[in-house]
Amino acid sequence: MAYKIEEVLDLKKWETLQESIAIATNLAIILVDYQGLPISTHSQVQPFCSLARKHPELKFFCEKCDARAAIEAVRMNEPFIYRCHFNIIDMAIPIMVDNQYTGAIMAGEITLRDNHDKLEQVLNLDHLESVQAFKREHVDLFEQYPSLTLDELTKFANMLKDLSHYIVNEAIKKEFLVKTYKQSLTIRKKDDRLVTSTNLDNLEYVEKELKQSLLDKRLNNLSTKRSLKNKQLLPAIDAIFYNKQENLDLTTLASLCNLSPSYLSRLIKEEFGEPFTKVYTKLKISWAKKLLKTTDLPINQISDELGYVEPSYFVRTFKKVTGMTPLKYRKNSN
């Protein structure tokens with residue numbers, strides 16, 4: 001069964017709890033879905049980060065950091081503490097439901113008093129003048145970040161991990177009990193309506209629990225238009241499109257779909273008629289064609305944008321798929 005965080009958690013209650021935790025720990029906290037997109041309000045967000053996330057260019061990098069960190073947290077199945085593109089300390093705590101990644105608690109927006117350089121920087125943008133100019137312009141806000149030791153932050157991370165496990169497990173148990181109770185009733189069909197032989201007044205609390213989630217599912221089914229025949233592939237396909245600069249492997253993508261790598265590989269071949277490596281390569285080359293047509297980006301930058309380790313490897317791959325080099329393709333397109 002595929003879960004969404006908003007179907008498992010009561011978001012209003014979560015946001016109340018989230019705000020209390022943020023105040024007590026000095027951490028900014030937000031809940032994101034498996035794509036790294038926010039689904040809760042942002043508690044105790046720092047002024048510098050608030051401005052960055054509203055900036056037309058920089059907000060994309062903030063979301064990209066969230067998505068990359070969440071994928072790493074899923075791979076480790078542990079909280080992942082890291083440096084963002086502004087060298088601010090954040091962490092991702094994966095939320096797993098029945099061993100399926102459904103989203104993450106993103107927390108942090110602090111500086112460290114120790115071990116700062118030991119943490120991985122998931123997105124290095126020191127070469128971008130827009131990033132450096134933003135830091136210089138708001139240096140006073142940057143200096144307002146609360147400061148913790150790595151040991152203190154690690155303890156907070158483990159606390160959030162345990163808390164998310166408890167909340168999710170309780171939510172699933174509650175859903176299971178409600179469904180089991182419903183199924184235990186004697187149900188008969190009459191005039192295309194489901195009725196029970198039990199006094200319906202006794203089911204009032206059950207109906208309230210189920211009504212909204214069922215409505216949300218129906219609306220989602222109506223509004224979601226996907227071309228994929230097998231919806232199990234959605235988390236993997238979304239992750240690929242949202243992380244074009246990454247070179248994602250089957251193991252990582254399989255964990256997002258709650259599938260084994262071999263089974264995911266089989267489903268991809270059934271869906272697209274080719275193995276994963278060919279599908280992934282052709283997809284990246286199609287993105288490269290678009291960049292070559294619509295931008296003046298140099299070849300090495302396009303290579304970096306699409307997650308290739310070396311520009312020379314990108315050129316060889318492009319020529320193998322298209323029969324010409326990227327430069328010749330650009331010249332012919334123009």
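**Exercise 1. The largest cavity**

Task: In this predicted model, find which element gives the largest share of the lining of the largest cavity, then describe that cavity.

Solution. 
- Step 1. Start with the share. Strand β4 supplies the largest part of the lining of the largest cavity, 4 residues.
- Step 2. Count the cavities. The search of the whole structure turns up 4 cavities of 30 Å³ or more.
- Step 3. Give the volume. The largest cavity has about 170 Å³.
- Step 4. Go to the centre. There are 19 lining residues, and the closest to the centre are Cys49, Arg53, Asp66, Asp90 and Glu109.
- Step 5. Name the elements. Two or more lining residues come from each of β1 (28-33), α3 (47-54), α4 (58-76) and β4 (100-112).
- Step 6. Sort by class. The lining holds 12 nonpolar, 3 polar and 4 charged residues.

**Exercise 2. The second largest cavity**

Solution. 
- Step 1. Give the volume. The second largest cavity has about 50 Å³.
- Step 2. List the lining. Tyr34, Gln35, Ala67, Ala70, Ile71, Asp238, Ala239, Tyr242 and Asn243 line the second largest cavity.
- Step 3. Assign elements. Helices α4 and α9 (234-242) each contribute at least two lining residues.
- Step 4. Sort by class. This lining has 6 nonpolar, 2 polar and 1 charged residues.

**Exercise 3. A strand and its partner**

Task: Which residues of strand β2 point one way, and which the other way? Then follow β2 to strand β3.

Solution. 
- Step 1. Recall the rule. Side chains in a regular strand alternate between the two faces of the sheet.
- Step 2. Apply the rule to β2, residues 80-83. Phe80 and Tyr82 point one way, Ile81 and Arg83 the other way.
- Step 3. Check burial. All of these residues are buried.
- Step 4. Find the partner. β2 is joined by 4 bridges to β3 (residues 89-97), and the two strands run antiparallel.
- Step 5. Arg83 stands opposite Ile89 in β3.
- Step 6. Look at the turn. The hairpin has 5 residues between the strands, and Asn87 takes a positive phi near 65°.

**Exercise 4. Two aromatic pairs**

Task: Why is the pair of Phe86 and Phe134 tilted? Is each ring residue buried or exposed?

Solution. 
- Step 1. A pair of aromatic rings is described by the distance of the centres and the angle of the planes.
- Step 2. Count. The whole structure has 14 aromatic pairs.
- Step 3. Classify. The ring centres of Phe86 and Phe134 lie 5.8 Å apart and the planes meet at 35°, so this pair is tilted.
- Step 4. Phe86 is in the loop between β2 and β3, while Phe134 is in helix α5 (residues 129-137), 48 residues apart, so the pair links distant parts of the chain.
- Step 5. The cut-off for buried is under 20% relative accessible area. Phe86 has 2%, so Phe86 is buried. Phe134 has 6%, so Phe134 is buried too.
- Step 6. Tyr308 is buried at 10%, whereas Tyr313 is partly exposed at 44%.
- Step 7. The charged end of Lys284 sits over the Tyr308 ring, 5.8 Å from its centre.
- Step 8. Find the cluster. Phe86 and Phe134 belong to one aromatic cluster with Phe48, Phe142 and Tyr145.

How values were computed:
Residues are numbered from 1 along each chain as its sequence is written. This is a predicted model: local features need pLDDT of at least 70, side-chain atom pairs count only at pLDDT 80 or more; totals for chains, interfaces and linings use all residues. Side-chain values use heavy atoms; hydrogens and water are left out. On a 1 Å grid over the protein atoms alone, a cavity is a set of points where a 1.4 Å probe fits but cannot get out, and a pocket is an open set with protein on both sides within 12 Å along at least five of seven lines; lining residues have an atom within 4 Å of a point. Grid points are joined across faces, edges and corners, and a volume is the space filled by probe spheres set on the points. Ala, Val, Leu, Ile, Met, Phe, Trp, Tyr, Cys and Pro count as nonpolar, Asp, Glu, Lys and Arg as charged, and the others, Gly among them, as polar. Buried means under 20% relative accessible area, exposed over 50%, partly exposed in between (1.4 Å probe, protein chains only). Two strands pair if DSSP finds at least two bridges between them. Rings of Phe, Tyr and Trp (its six-membered ring) pair if their centres lie within 6.5 Å; planes under 30 degrees apart count as stacked, over 60 as edge-to-face and the rest as tilted. A charge sits over a ring if NZ of Lys or CZ of Arg is within 6 Å of the ring centre and within 35 degrees of the ring normal.
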